[in-house]
Amino acid sequence: MLEDGVLEQIIEHYLNSSALWCFDNVNEMKQATNLIEGSYAKTLGYYSINDGGGATYKITDTESENEYQEELENGLYATLIDDENTNIKQFGAKGDDNHDDTNSFAKYINYCNNNNKNLKIPIGKYRIYEDLPALKRTVCINGEVGNNAVQRDSNNKSLILDYRNSGNY
């Protein structure tokens with residue numbers, strides 16, 4: 001067994017399926033070649049370390065309509081493991097007052113509607129350029145809202161959500 005490489009394959013398969021693989025960001029996770037169905041991945045940020053978008057994912061070979069997933073380059077899916085810290089930044093929003101966060105908000109709202117979860121929006125200025133899906137009546141926004149929480153930009157082309165102080169809405 002040792003000489004023909006079977007033991008090495010068994011150990012490699014066990015480590016790939018049981019280990020928690022850690023990545024600096026989602027893009028690095030998407031490009032990984034060591035993730036297999038049943039393994040777990042943790043990102044330290046969505047775009048960069050400590051940007052608020054870090055999350056834990058279970059790797060699966062099945063696409064889901066209700067769960068949030070990132071498609072990996074190897075054809076598998078990284079399914080977000082929801083916890084009490086799940087927030088808009090884990091869906092790709094930057095909240096930097098420059099980036100178009102519309103798509104991230106649409107994905108997050110659909111996820112929250114499908115799973116009866118409240119939206120959590122960390123501190124930031126989020127730009128929205130298009131209409132968003134409506135929230136279900138049972139879904140609330142938990143965020144850190146500033147005094148001028150919703151405003152138009154000077155060109156009247158985007159909506160700015162300014163989240164600064166704690167509150168539930």
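Tutor: Let's start with a word we will need throughout: a residue counts as buried when its relative accessible area is under 20%, as exposed when that area is over 50%, and as partly exposed in between. Please keep in mind that this is a predicted model.

Student: What share of the contacts joins residues at least 24 apart?

Tutor: Take the contacts between residues at least 6 apart in sequence: 40% of them join residues at least 24 apart.

Student: Let's turn to aromatic residues. How is a pair of aromatic rings described?

Tutor: By two quantities, the distance of the centres and the angle of the planes. Here, searching the whole structure gives five aromatic pairs. In one of them, the ring centres of Y68 and F91 are 4.1 Å apart and the planes stand at 45 degrees, so this pair is tilted. Planes under 30 degrees apart would count as stacked and those over 60 as edge-to-face.

Student: Where in the chain do Y68 and F91 sit?

Tutor: Y68 is in the loop between strand 3 (55-60) and strand 4 (69-71), while F91 is in the loop between strand 5 (77-80) and strand 6. The two are 23 residues apart, and the pair links distant parts of the chain.

Student: Are Y68 and F91 buried or exposed?

Tutor: Both of them are buried. F91 has a relative accessibility of 0%. F91 also pairs with Y108: the ring centres are 4.7 Å apart with the planes at 45 degrees, so that pair is tilted too. Because F91 lies in the loop between strand 5 and strand 6 and Y108 lies in helix 3, the pair ties together parts 17 residues apart in sequence. Y108, at 1% relative accessibility, counts as buried as well.

Student: Which residues form the aromatic cluster?

Tutor: Y68, F91, Y108 and Y111 make up one aromatic cluster. E65 is in the loop between strand 3 and strand 4. With a relative accessible area of 76%, E65 is exposed.

Student: Now helix 3. How should I read the direction of side chains along a helix?

Tutor: An α-helix has 3.6 residues a turn, so residues three or four places apart point the same way. In helix 3, the buried residues are T102, S104, F105, A106, Y108, I109, Y111, C112 and N113.

Student: What length does helix 3 reach, and what follows it?

Tutor: Helix 3 (residues 102-115) has 14 residues and reaches 20 Å from first C-alpha to last, close to the 20 Å expected at 1.5 Å a residue. After the helix comes N116, with a positive phi near 50 degrees.

Student: And how should I read a strand?

Tutor: In a regular strand the side chains alternate between the two faces of the sheet. Strand 8 (residues 124-128) is mostly covered here, with four of its five residues buried. Strand 8 pairs with strand 6 (residues 96-100) in the parallel sense over two bridges. D96 stands opposite K125 in strand 8. D97 belongs to strand 6 and is partly exposed, at 24% relative accessible area.

Student: What polar contacts does the side chain of E70 make?

Tutor: A polar contact of 2.9 Å joins the side chains of E70 and Y46, and another of 2.4 Å joins those of E70 and Y68. E70 is in strand 4 and counts as buried at 5% relative accessibility. Leaving out residues up to four places away in sequence, E70 touches several others, among them V26, M29 and Y77.

Technical notes: Residues are numbered from 1 along each chain as its sequence is written. This is a predicted model: local features need pLDDT of at least 70, side-chain atom pairs count only at pLDDT 80 or more; totals for chains, interfaces and linings use all residues. Side-chain values use heavy atoms; hydrogens and water are left out. The expected span of a helix is 1.5 Å times one less than its number of residues. Buried means under 20% relative accessible area, exposed over 50%, partly exposed in between (1.4 Å probe, protein chains only). Two strands pair if DSSP finds at least two bridges between them. Contact means heavy atoms within 4.5 Å. Rings of Phe, Tyr and Trp (its six-membered ring) pair if their centres lie within 6.5 Å; planes under 30 degrees apart count as stacked, over 60 as edge-to-face and the rest as tilted. A polar contact is a pair of N or O atoms within 3.5 Å; within protein, one must be able to donate a hydrogen and the other to accept it, and residues adjacent in sequence count only if both atoms are side-chain atoms.
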